[in-house]
Amino acid sequence: MKIIDLLTQEKLSLSFEVFPPKTETNFESVKNATEEIAKLRPAFMSVTYGAGGGTSKYTLDIAKNIKEMYDVPTLAHLTCVSSSKEMVQQKIEEIKAAGIQNVMALRGDIPAGMEDADRSHWDYQYAIDLIRELKASDVDFCIGGACYPEVHPESVHQKDDIKRLKEKVDAGCDFLTTQMFFDNNLFYNFLYKIREAGITVPVIPGIMPITNANQIERALKLSGSFMPQRFKSIADKFGSDSAAMKQAGIAYATDQIIDLYANDIYNVHVYSMNKPEVAEKIQSNLSDIIGK
Ligand code: FAD
């Protein structure tokens with residue numbers, strides 16, 4: 001099932017993101033967690049891919065298992081930045097062999113220490129290079145791309161970032177998923193600007209339920225997201241009480257999703273991070289709205 005065909009209903013639907021195990025040792029526990037999430041019957045599940053090779057090995061094993069055992073459509077992430085053409089071709093063959101039709105085509109982060117290096121000789125500079133490669137394959141993949149309501153950290157101006165995004169979409173993105181954000185107005189603003197720029201594909205907002213205080217720093221470092229005062233107050237109040245922080249973080253994410261739906265955004269991607277209890281709680285908070 002292609003994800004693009006799931007984005008047409010005017011009814012709230014959730015998708016969940018999981019990440020593969022780093023090593024064989026924790027394969028079973030990650031597989032079990034992803035299966036628990038699959039049992040919630042989300043619209044689809046996405047499985048991340050480690051840019052530096054660290055967690056790349058099991059992406060397809062996890063995605064294939066969810067699809068085959070639970071009939072939940074899966075989106076396999078793939079990054080290209082530090083890969084050779086041969087490596088990427090091999091991965092595309094593996095995705096085909098796994099019967100996965102949906103690929104999230106990403107550049108990946110520049111490996112630490114290489115930020116200022118001359119990268120002109122690399123086989124892949126940007127996600128658009130990978131998208132072109134996927135489009136040239138003999139499989140009609142449904143291709144997703146990443147976008148950044150608060151601007152990608154390497155872009156100086158949002159205008160440039162949106163111009164690059166338009167080129168990426170024109171190269172063959174069927175839909176976009178956003179980086180996490182904690183203030184929905186940033187998303188609405190971004191949506192307005194990209195529509196003005198002529199980007200018409202569906203955009204799925206990505207919502208990250210922050211369930212512990214340590215996650216806040218990591219999330220901010222990763223995404224450079226703006227933290228509204230309302231969220232800061234929650235973190236200050238509950239940060240040292242793990243159960244309370246989890247409950248408050250889930251409530252905050254639920255609230256964001258309700259506001260998105262109230263503004264006619266029907267598909268929301270939840271960065272559920274291999275936490276079935278978080279995915280389950282968000283879904284049950286919205287049960288009457290989703291109808292599940
Ligand atoms: P690009 O679209 O290539 O953009 C990167 C930067 O380059 C932007 O600033 C853009 O404006 C600029 N740019 C683009 N084209 C050009 C050009 N032709 N000339 C000059 N500048 C240009 N990382 C992982 O390692 N694994 C994952 O599974 C993963 N999943 C993700 C899922 C989502 C939804 C998101 C939002 C991010 C994810 N990431 C993942 C992180 C992502 O790899 C990083 O944010 C990375 O730095 C950029 O990837 P991109 O595909 O957005 O890059």
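User: Which residues of α6 are the buried ones?

Analyst: Good place to start! This is a predicted model, and in it the buried residues of α6 are Asn184, Phe187, Phe190, Leu191 and Ile194.

User: What makes Asn184 count as buried?

Analyst: The cut-off for buried is under 20% relative accessible area. Asn184 has 7% relative accessibility, so Asn184 counts as buried. Asn184 sits in helix α6, residues 184-196. Leaving aside residues up to four places away in sequence, Asn184 touches Gln256, Asp259 and Leu260.

User: How do you know that the buried residues of α6 line one face of the helix?

Analyst: Look down the axis of α6: the buried residues fall within an arc of 115°, so they line one face. On the other side of α6 you will find Asn185, Tyr192 and Glu196, which are exposed.

User: And what do the buried residues of α6 pack against?

Analyst: Their partners are the strands β5 (142-147), β6 (175-180) and β7 (203-207), together with the helices α5 (158-170) and α9 (242-262).

User: On to the strands. Which strands close into a barrel, and in what order?

Analyst: Eight strands close into a barrel, in the order β1-β2-β3-β4-β5-β6-β7-β8, with parallel pairing. On average, neighbouring strands of this sheet are turned by 30° against each other, direction ignored.

User: Why are β1 and β2 called a pair?

Analyst: Two strands pair if there are at least two bridges between them. Strand β1 (residues 13-18) and strand β2 (residues 45-47) have three bridges, in the parallel sense, so they meet that cut-off. In this pairing, Phe16 has Met45 in β2 as its bridge partner.

User: How many bridges join β3 and β4?

Analyst: β3 and β4 pair over five bridges, again in the parallel sense. Here His77 stands opposite Met104 in β4.

User: Why is β4 called largely enclosed?

Analyst: Five of the five residues of β4 (residues 102-106) are buried, so the strand is largely enclosed by the rest of the structure. Asn102, Met104 and Leu106 point one way, Val103 and Ala105 point the other way, and all are buried.

User: Are Cys142 and Cys173 buried or exposed?

Analyst: Cys142 is buried, with a relative accessible area of 0%, and Cys173 counts as buried at 4%.

User: What makes the phi of Arg41 and of Asp71 worth a look?

Analyst: Most residues other than glycine have a negative phi. Arg41 is not a glycine, yet has a positive phi of about 55°, and Asp71, also not a glycine, has a positive phi of about 55°. Arg41 lies in the loop between α1 (27-38) and β2, while Asp71 lies in the loop between α2 (59-70) and β3 (74-79).

User: Why is Asp71 called exposed?

Analyst: Exposed means over 50% relative accessible area, and Asp71 has 61%, so Asp71 is exposed. Arg41, at 44%, is partly exposed.

Terms used:
Residues numbered from 1 in each chain as written. Predicted model: local features only at pLDDT ≥ 70, side-chain atom pairs only at ≥ 80, totals over all residues. Heavy atoms only, no water. Buried < 20%, exposed > 50% of the residue type's maximum accessible area, 1.4 Å probe, protein only. Helix = DSSP H or I, 4+ residues; strand = E, 2+ residues; numbered from the N terminus. Contact = heavy atoms within 4.5 Å. Axes fitted to C-alpha atoms, helices over the stretch in contact; angles between N-to-C directions. Arc of directions from axis to C-beta.
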